[in-house]
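Grab your viewer and work through these exercises one at a time. Try each task yourself before you read its solution.

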Amino acid sequence: MNNITKQDRVEAATSIFNSLISDRLADKYKAAEIAKNQSDSFDIPTLRTLVIKAVEDDFYAGREEEEEDWSIARTRSWLLGVLARISANDEEATKVAIKHVDAAVEPYNWARYWSLEGLITGKNSAAGEVAKATASTDEDSMVSMLATAFLASRNDKKALSRIRKNLTNEQTQWYVVRALRDVPIHSTVEAICKIVEKADYSDVTYDAIMALGAIPSDWTHSTIASQSLSGCITKFRGAPWKDGMRTGAIAGLGNLQVESSGPLLIEELADDNPAIVRSAARAMEKILGLSTCVDRIVEATSKSELSLTDAYGRALRWLDREAVAEELEALMLSGSAKQQGAARALLSELGGAVAFEKLRARTDVMKQYSQILEKAEDKIRQLFENSVKEAQSGFHIAVIMDVTVFAVGIILILGSAGYTLFATGDLATWAGVGLTGGIGVLGVIYGVLIANPRRQVRESVDHLMRVKMLFLAYLRRLHQADQAYSRRLLDDEPITFEQVKGFSDAIGDIMRDTVQHDLSKTEPKPSTLESAEVETDGRG
């Protein structure tokens, strides 16, 4: 509010005034509600000036008779009600309001009523004196009973006795109940509850409902008032022509703020009348607070045997959508499986830009998760390719050793033949003895220095390949199980305990199959030298 400039407040005051003199009743109610709060959002002196000028020039008393247009008098009532409410600490506005309480000046009884009501609810210091003068002199029962009720609320015993007496008289009962809507009195609550509990379709019952709803929530009578209103709401169900009275009773429960009325209001959220749903949703928010209100609705959705998701979603639209979306998002992550599903469905029904952003964020998360899975698969594929490359490298080493052995053998044979020819001049000796000896020496050299290492290299490569293939198979199965579980977790349907246990058992089976796999065939056999060493050590 501190950022609002003087010009903004003046424009807001002008807007309120224009709404008060407009032909639309909804605009009048909204403007009067804003003026009732007397916040810093509008300039009060500007509004006073505009209203006083309009009352004295354009909507003055008696003009409705001159032009035979009673809308002038009705508009003047709205103007005087707002002026009287904001007249405190302003002498001119107070004088105008007091003047229009007098029947000699103001012929329209509702204009007098709202002028006095504004002085009372606006806590104008002159309200007491005006009420005393009006209670005994005004011939209109509606105005005089309002003045009497105000005096009774200030512990005037004579006035209180008059209120009680007229409250039991069917001829004057409505005037008293109408006054009690604006001036609650402790000692009249039980009598009003009896009127409400009858649930008659009458003006008296309607105003009695509104009077109970106007009781301060910190009164001890608020509990019995809440019970009477709850019973009245139940009786009015199934009668569409009584929805206006039921709406007033629901709003009254919200004002009383008795937490035990919460379950009843949840039932009203599924009603076909949008006015009922709106009143019930806002009443629940007043009673429980937004967070608890959303929790209760989500819980009711998850437990409902009927499909009420769309109805509850429409109810949540009457509240602050951004705040509701935040609460639903939190429940999607922290609630039980059923509550998560209900919160997700309600968020879809909530609609609006905020809900769309939340759902889009969830879609983005799923896309990101899919990308993570793809990256994990790429890593496994890369690991497999690396294993193949390592096996190829081992095979190439074995081939190179074979070629090397063959080449060295040929060179040694040719060298031996050349040496023999050079020493004896004849190859007969080399062919008989030298060749045999050379072959024997080469056989020993090949067996000890070449063949055994080569065999060990090949067996090690084979062993590594088997182990890696076993590991890749285990990793692949584990990855598939994890992928299936994660995608199931992101589905719209809630995951059950049995399904979670099934995924857990599958992962356990994968681990047991891997551990129990017979690895004896994959272990490399000991070389000849290693066997000889073992035997020697054993004998030694």
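This is a predicted model: local features need pLDDT of at least 70, side-chain atom pairs count only at pLDDT 80 or more; totals for chains, interfaces and linings use all residues.

**Exercise 1: α19 against α21**

Task: at what angle do helix α19 (residues 309-316) and helix α21 (residues 337-350) pack, and how far apart are their axes?

Solution, step by step:

1. The angle is about 60 degrees, and the axes of α19 and α21 sit 8 Å apart.
2. That makes α19 oblique to α21. As for cut-offs, angles under 35 degrees count as roughly parallel, over 145 as roughly antiparallel, 65 to 115 as roughly perpendicular, and the rest as oblique.
3. The axes are lines fitted to C-alpha atoms, for helices over the stretch in contact, and angles between N-to-C directions run from 0 to 180 degrees. Helices (H or I, at least four residues) and strands (E, at least two) are DSSP runs numbered from the N terminus.
4. Now the hand: α19 passes α21 in a right-handed crossing. You call a crossing left-handed if the near helix is turned anticlockwise from the far one by less than a right angle, and right-handed if clockwise.
5. From α19, the contact takes T309, D310, Y312, G313 and L316; from α21 come A345, L346, E349 and L350. Contact here means heavy atoms within 4.5 Å.
6. Sorted by class, the contact of α19 with α21 has 5 nonpolar, 2 polar and 2 charged residues. The classes put Ala, Val, Leu, Ile, Met, Phe, Trp, Tyr, Cys and Pro under nonpolar, Asp, Glu, Lys and Arg under charged, and the others, Gly among them, under polar.

Residues are numbered from 1 along each chain as its sequence is written, and side-chain values use heavy atoms, with hydrogens and water left out.

**Exercise 2: the chain as a whole**

Task: how many helices and how many strands does the protein chain have, and what share of its residues counts as buried?

Solution: 

1. DSSP gives 25 helices and 0 strands in the protein chain.
2. Of its 540 residues, 39% count as buried. Buried means under 20% relative accessible area, exposed over 50%, and partly exposed in between (1.4 Å probe, protein chains only).
3. The accessible surface of the protein chain is about 30,400 Å², with 55% of that belonging to carbon and sulfur atoms. The areas come from the Shrake-Rupley method with a 1.4 Å probe, and for residues only the protein chains shown count as cover.
4. Take the contacts between residues at least 6 apart in sequence: 66% of them join residues at least 24 apart.

**Exercise 3: α12, α13 and some residues around them**

Task: is the crossing of α12 and α13 left-handed or right-handed, and which residues make the contact?

Solution: 

1. Start with the geometry: α12 and α13 pack at about 135 degrees, with axes 9 Å apart. That makes α12 oblique to α13.
2. The crossing of α12 and α13 is left-handed.
3. V189, I192, C193, I195 and V196 of α12 make the contact with V204, T205, A208, I209, A211 and L212 of α13. By class, that contact has 10 nonpolar residues, 1 polar and no charged.
4. Next, look at A191, which belongs to helix α12 (residues 189-198). A191 is partly exposed at 29% relative accessible area, and its C-alpha lies 8.8 Å from that of R164, 27 residues away in sequence.
5. M210 is in helix α13 and is partly exposed, at 23%. Leaving out residues up to four places away in sequence, M210 touches R181 and G248.
6. Finish with H221, in the loop between α13 (203-213) and α14 (222-236). H221 counts as buried, at 18% relative accessibility, and touches H186 and V189, again not counting residues up to four places away in sequence.

**Exercise 4: positive phi**

Task: where do E68 and K123 lie, and what phi do E68 and K123 have?

Solution: 

1. E68 is in the loop between α4 (63-67) and α5 (71-85). Its phi is positive, about 55 degrees, although E68 is not a glycine.
2. K123 lies in the loop between α7 (109-121) and α8. K123 is not a glycine either, yet has a positive phi of about 55 degrees.
3. Check the surface: E68 is exposed at 72% relative accessible area, and K123 is exposed at 74%.
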